[in-house]
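Please consult the sequence and the structure alongside the text.

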Amino acid sequence: MTHAVDDGVHRQLKDTVYQQLRDDIISGALPPGAVLREAELAPRFGVSKTPLRDALVRLQKDGFVTIPPYRSAVVVGYSRTDLREIYELRELLEGACARQAASYISADALAELARIVQASADCVTGGEVIEGRADELAELHDQFDLVMYAQSRNSRIGEMVGNIRGHIKRIGRLTAGIPGRLAKSVPEHQAIYEAIVQRDGAAAEALMRRHILSVMADQLTSIAETSSIT
């Protein structure tokens, strides 16, 4: 019985450390290149090195850190190949979500999309983000994505979206300064919403995939051919 309790506590500690480090990486509190030294992190979380190491291994599997042999873990950035792979997957998954939304979206979810689309439009004038409203618009874009993800009726698609969502949020934050990108997404989201209202699944999927490819293209052109997003 004691062992069962100990195992449960260990899992809880491991999950807590993992989630906090993951959140810090996605938010930018731990930027690419940050060294995650066990001797510094263990006192911060009040844990032994075992749950800390377990959390770092999970983060490596998620693609957020690398653990060189006999060295501390390091937070990684994104290469052009990383971006292409993530966005190719995002194109497929979110395209499927948009198609399903056109057939199955609830009245409440549709009303929420309408609110988000209108609020997003209110953040833009003349094709540019109104000064001081970039953070608000970025949050609205994230809300739009969340509503779309929720429309999947395939549990496996939902799991895959959950797995890459952290990377999507982090990439979005790292590249939020691309000129015109936030504003460009507003009419693209509007078009997807209108296709869903019209219950046109093929159009909704095509427009979503076009939107994802547009975001990817802007991000790829914003970095040098041989560099990574850091």
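Does Tyr-70 count as exposed or buried, and at what relative accessibility? Tyr-70 counts as exposed, at 87% relative accessibility; buried means under 20% relative accessible area, exposed over 50% and partly exposed in between, with a 1.4 Å probe and protein chains only. The model is predicted: local features need pLDDT of at least 70, side-chain atom pairs count only at pLDDT 80 or more, and totals for chains, interfaces and linings use all residues. Residues are numbered from 1 along each chain as its sequence is written, and side-chain values use heavy atoms, with hydrogens and water left out.

**Overall architecture**

- The chain has 9 helices and 5 strands, where helices (H or I, at least four residues) and strands (E, at least two) are DSSP runs numbered from the N terminus.
- The order of these elements along the sequence is α-β-α-α-β-β-α-α-β-β-α-α-α-α.
- The C-alpha trace spans about 60 × 45 × 30 Å along its principal axes.
- Buried residues make up 42% of the 230 residues of the chain.

**Helix packing**

- Two packed helices are described by the angle between their axes and the distance between the axes. Here, axes are lines fitted to C-alpha atoms, for helices over the stretch in contact, and angles run from 0 to 180 degrees between N-to-C directions.
- Helix H4 (residues 80-104) and helix H9 (residues 201-221) have axes that come within 7 Å and cross at roughly 160°. H4 and H9 are therefore roughly antiparallel to each other; angles under 35 degrees count as roughly parallel, over 145 as roughly antiparallel, 65 to 115 as roughly perpendicular and the rest as oblique.
- The crossing of H4 and H9 is right-handed. A crossing is left-handed if the near helix is turned anticlockwise from the far one by less than a right angle, and right-handed if clockwise.
- The residues of the contact of H4 with H9 comprise 14 nonpolar, 3 polar and 8 charged. In this division Ala, Val, Leu, Ile, Met, Phe, Trp, Tyr, Cys and Pro count as nonpolar, Asp, Glu, Lys and Arg as charged, and the others, Gly among them, as polar.
- The axes of helix H5 (residues 107-122) and H8 come within 10 Å, with a crossing angle of roughly 155°. That angle makes H5 roughly antiparallel to H8, and the two helices pass in a left-handed crossing.
- H6 and helix H8 (residues 181-197) have axes that come within 11 Å and cross at roughly 30°. H6 is therefore roughly parallel to H8, and the crossing of H6 and H8 is left-handed.

**Helix H6**

- Helix H6 (residues 134-149) has 16 residues and reaches 23 Å from its first C-alpha to its last, close to the expected 22 Å. The expected span of a helix is 1.5 Å times one less than its number of residues.
- Among the buried residues of H6 are Leu-137, Leu-140, Phe-144, Val-147 and Met-148, and also His-141, Asp-142 and Asp-145.

- Most residues other than glycine have a negative phi.
- Tyr-70 has a positive phi of about 60° although it is not a glycine, and Tyr-70 lies in the loop between strand S2 (65-66) and strand S3 (73-75).
- Arg-199, in the loop between H8 and H9, also has a positive phi, near 60°. At 43% relative accessibility, Arg-199 counts as partly exposed.

**Cysteines**

- The count of disulfides is 0, a disulfide being a pair of cysteine sulfur atoms within 2.5 Å.
- Cys-97 is buried, with a relative accessible area of 1%, and Cys-123 is buried at 0% relative accessibility.

**Separations along the chain and in space**

- Glu-188 lies in helix H8 and is buried, with a relative accessible area of 19%. Glu-188 and Thr-50 are 138 residues apart in sequence and 47 Å apart in space, C-alpha to C-alpha.
- Val-65 belongs to strand S2 and counts as buried at 5% relative accessibility. Val-65 and Pro-32 are 33 residues apart along the chain, and their C-alpha atoms are separated by 8.7 Å.
- Ala-29 is found in the loop between helix H1 (2-27) and strand S1 (35-36) and counts as exposed, at 53% relative accessibility. A C-alpha separation of 20 Å divides Ala-29 from Ile-178, 149 residues apart along the chain.
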